[in-house]
Amino acid sequence: MRAVEGANLSSQFFFSFQITERIIVLFVVINSQEEVQGKYIVCVLFFLWNLLDVVRYTYNMLARMGIHYLPLTWLNFSLCILLYPLSVLAKAFAICVSLPYFETFGTYSVKLPFPFAFSVYFPYVLKMYLLVLFTGMCFIIRNLFSERKAHLETGNSKKKSS
């Protein structure tokens, strides 16, 4: 029972991290710079997000109803491992494309008044976020591999026992 609770906790963390990534990239990077909105990488990023979500939500819906279709289970856990790094690369590329616009327009860069004498240069924040994004990707890929192994092995053992 504890292993299932731990898996649910890691899945919730993965989902929260993914939503946070998407909010930052969509609203902070893409939505705030009109010049970035027309780039091809935005279309590629939305395509990857939607492809992942269609497979994942279909799998989750059927699993909640008690329907376990092995090809969909395999596709869900294998496709995420392939497409998640591509979506991270697309996010990183979208951030890199947006950096010159943030540098030129100074969007979200803040200089605090005298007592603090501190300034936040937003392109540096985005560059640090890229490091967090790639570091998080390594942990999430490792988690996806362990989830894939756990779900596909239990599917095989169910098949063998019946």
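Predicted model: local features only at pLDDT ≥ 70, side-chain atom pairs only at ≥ 80, totals over all residues.

Student: OK, so is Val-120 buried, exposed or partly exposed?

Tutor: Val-120 has a relative accessible area of 32%, so Val-120 is partly exposed.

Student: Which strand is Val-120 in?

Tutor: Val-120 sits in strand 2, which covers residues 119-120.

Student: And which nonpolar surface patch does Val-120 belong to?

Tutor: One formed by Val-110, Leu-112, Phe-116, Phe-118, Val-120, Val-125 and Met-128. Together they have about 630 Å² of accessible area.

Student: Let's zoom out. How many helices and strands are there in the protein chain?

Tutor: The protein chain has five helices and two strands. Starting at the N terminus, the order is α-α-α-α-β-β-α.

Student: What share of the residues is buried?

Tutor: Of the 162 residues in the protein chain, 34% are buried. The accessible surface comes to about 10500 Å², and carbon and sulfur atoms account for 70% of that.

Student: What about contacts between residues at least 6 apart in sequence?

Tutor: In the protein chain, 74% of those contacts join residues at least 24 apart.

Student: Switching to charges: how many salt bridges does a search of the whole structure find?

Tutor: Three. One of them pairs Lys-91 with Glu-21, with the closest N and O atoms 2.4 Å apart. That pair links distant parts of the chain, since Lys-91 is in helix 4 (residues 70-105) and Glu-21 is in helix 1 (residues 2-30), 70 residues apart.

Student: Are Lys-91 and Glu-21 buried or exposed?

Tutor: Lys-91 has a relative accessible area of 1%, so Lys-91 is buried. Glu-21 is buried as well, with a value of 1%.

Student: What does Arg-22 pair with?

Tutor: Arg-22 forms a salt bridge with Asp-53, and their closest N and O atoms are 2.7 Å apart. Here too the pair links distant parts of the chain: Arg-22 is in helix 1 and Asp-53 in helix 3 (residues 40-64), 31 residues apart. Arg-22 counts as buried at 12% relative accessibility, and Asp-53 is buried at 11%.

Student: Where does Arg-56 come in?

Tutor: Arg-56 also meets Asp-53 in a salt bridge, at 2.6 Å from N to O. Arg-56 and Asp-53 are three residues apart in helix 3, so about one helical turn separates them. Through shared partners, the salt bridges join Arg-22, Asp-53 and Arg-56 into one network.

Key: Residues numbered from 1 in each chain as written. Heavy atoms only, no water. Patch = residues over 30% accessible without salt bridge, like charges linked within 9 Å, V, L, I, M, F, W, Y side chains within 5 Å. Areas by Shrake-Rupley, 256 points an atom, 1.4 Å probe, with all protein chains shown as cover. Salt bridge = Lys/Arg side-chain N within 4 Å of Asp/Glu carboxyl O. Helix = DSSP H or I, 4+ residues; strand = E, 2+ residues; numbered from the N terminus. Buried < 20%, exposed > 50% of the residue type's maximum accessible area, 1.4 Å probe, protein only. Contact = heavy atoms within 4.5 Å.
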